[in-house]
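Here is my notebook from an afternoon of looking things up.

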Amino acid sequence: MSMLVFGRSGQVGSALAKLAQGARFLGRDAADLANPSACAAAILEARPSVVINAAAYTAVDRAEEDEALAQTINGEAPGEMARACAELDIPFLHISTDYVFDGSGDRPWSATDPTAPVNAYGRSKAAGEAAVRAAGGRHAILRTSWVFSATGSNFVTTMLRLSESRDALNIVEDQIGGPTPALAIAEALLEMAGSMVRGRGGGTYHFAGAPATSWKGFAEAIFVAADRQVSVTGIPTKDYPTPAKRPLNSRLDCSALETDFGIRPPDWRAALDDVVKELT
Ligand SMILES: NC(=O)C1=CN([C@@H]2O[C@H](COP(=O)(O)OP(=O)(O)OC[C@H]3O[C@@H](n4cnc5c(N)ncnc54)[C@H](OP(=O)(O)O)[C@@H]3O)[C@@H](O)[C@H]2O)C=CC1
Ligand SMILES: Cc1cn([C@H]2C[C@H](O)[C@@H](COP(=O)(O)OP(=O)(O)O[C@H]3O[C@@H](C)C(=O)[C@@H](O)[C@H]3O)O2)c(=O)[nH]c1=O
Ligand SMILES: [Mg+2]
């Protein structure tokens, strides 16, 4: 299996690089997603047997004032990649997000539920999903949430940084989701890629860490794992104003992934200990 991966330096890209040593990785220098047709050309030139897109515009608040660029990178580039893969008749694996949902209710979102993003990043990711489906080739869209790892910036690195200077933090308690280790996402993608190259599986799937928690619950677990004495006070979203609105209910129903690929949701608590050890 010759694998081509877009994104090398991000959380999921780095995890893939650790696990898939025979794969070829294209960083921003080799393929800029702001130039979607160049990404398609890179695929047609490399002629791999499977493509994974781990690159994206992920700055949720910044996307509010930079929506055009977010749309090009998250909305258009994946569609161009998927069209090139369809032309080569190879599977295309793409990562999406819980932020495509509006966050209403408290039921875990099923992969077939209607999307209704509440922020610019979510709109750009929903556009990317639609473009990948419209390309008409063999594809998998893996929606995940609250990704963390020892690489790059994420909620764990933010909390550890804040704990250097603060002994008390207010953290939102009414946004609920599944923190997901980047390494587990990479493992899932590689398993899916292997199956899809053999002609099995495809469509839209969810993959998130269990058990569901709030950002407050996640923060508390981070400080326990790091043995840092920070007092965490739960607050409602309205008391933590941000440029981008965030969905309240981000729970993802991951059953389709188990049915089609035998992949089960990872327990984020075990992975958190490893990540915190690596970071401290
Ligand atoms: N982070 C999260 O909490 C979540 C992420 N996701 C999705 O998972 C996927 C992976 O996210 P994650 O690993 O966390 O992302 P990161 O923010 O850690 O990394 C993003 C990657 O995309 C690359 N990138 C950004 N812009 C461009 C560009 N114009 N051209 C080429 N490469 C670019 C970055 O390269 P460079 O280092 O050069 O900037 C980096 O390698 C994305 O699709 C994201 O939407 C889904 C749910 C949650
Ligand atoms: C730093 C801080 C954040 N928060 C809140 C703000 C927000 O609601 C929540 C998480 O903040 P972040 O900015 O890390 O989260 P955010 O960047 O929105 O994370 C999202 O990233 C994109 C890429 C995704 O796809 C999503 O799945 C999700 O992981 O914590 C506090 O309540 N107190 C604080 O001190
Ligand atoms: Mg962020």
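Entry 1: I call a residue near a molecule or strand if its C-beta atom, placed from the backbone, lies within 6 Å of it. I also reminded myself that this is a predicted model, where local features need pLDDT of at least 70 and side-chain atom pairs count only at pLDDT 80 or more, while totals for chains, interfaces and linings use all residues. Residues are numbered from 1 along each chain as its sequence is written, and chains are lettered from A and ligands numbered from 1 in the order in which they are written.

Which residues come nearest to ligand 2? I found Thr58, Thr97, Ser145, Val172 and Trp215, out of 19 residues around ligand 2. Two elements give two or more residues to this shell, α5 (155-165) and β7 (168-172). Here helices (H or I, at least four residues) and strands (E, at least two) are DSSP runs, numbered from the N terminus. I noted that β7 gives the most, with 4 residues.

**Entry 2: ligand 1.** Around ligand 1 I listed 26 residues, and Gly10, Gln11, Ala55, Ala56 and Val147 come nearest. The elements giving two or more residues to this shell are α1 (11-19) and β4 (92-97). The largest share, 3 residues, comes from α1.

**Entry 3: strand β5.** Is β5 buried or exposed? I counted a residue as buried if 20 or more other C-beta atoms lie within 10 Å of its own, exposed if 12 or fewer, and partly exposed in between, with C-beta atoms placed from the backbone. In β5 (residues 139-144), 6 of the 6 residues are buried, so the strand is largely enclosed by the rest of the structure. In a regular strand the side chains alternate between the two faces of the sheet. I found His139, Ile141 and Arg143 buried on one side of β5, and Ala140, Leu142 and Thr144 buried on the other.

Then I looked up the partners of β5, where two strands pair if DSSP finds at least two bridges between them. β4 and β5 run parallel, joined by 6 bridges, and Phe92 has His139 as its bridge partner in β5. β5 also pairs with β10 (residues 203-206) in the parallel sense, over 4 bridges. There, Arg143 is partnered by His206.

**Entry 4: Ile185.** Which residues touch Ile185, leaving aside its neighbours within four places in sequence? With contact meaning C-beta atoms, placed from the backbone, within 7 Å, I wrote down Val12, Ala15, Thr144, Val147, Thr180 and Phe207.

Key: Contact = placed C-beta atoms within 7 Å.
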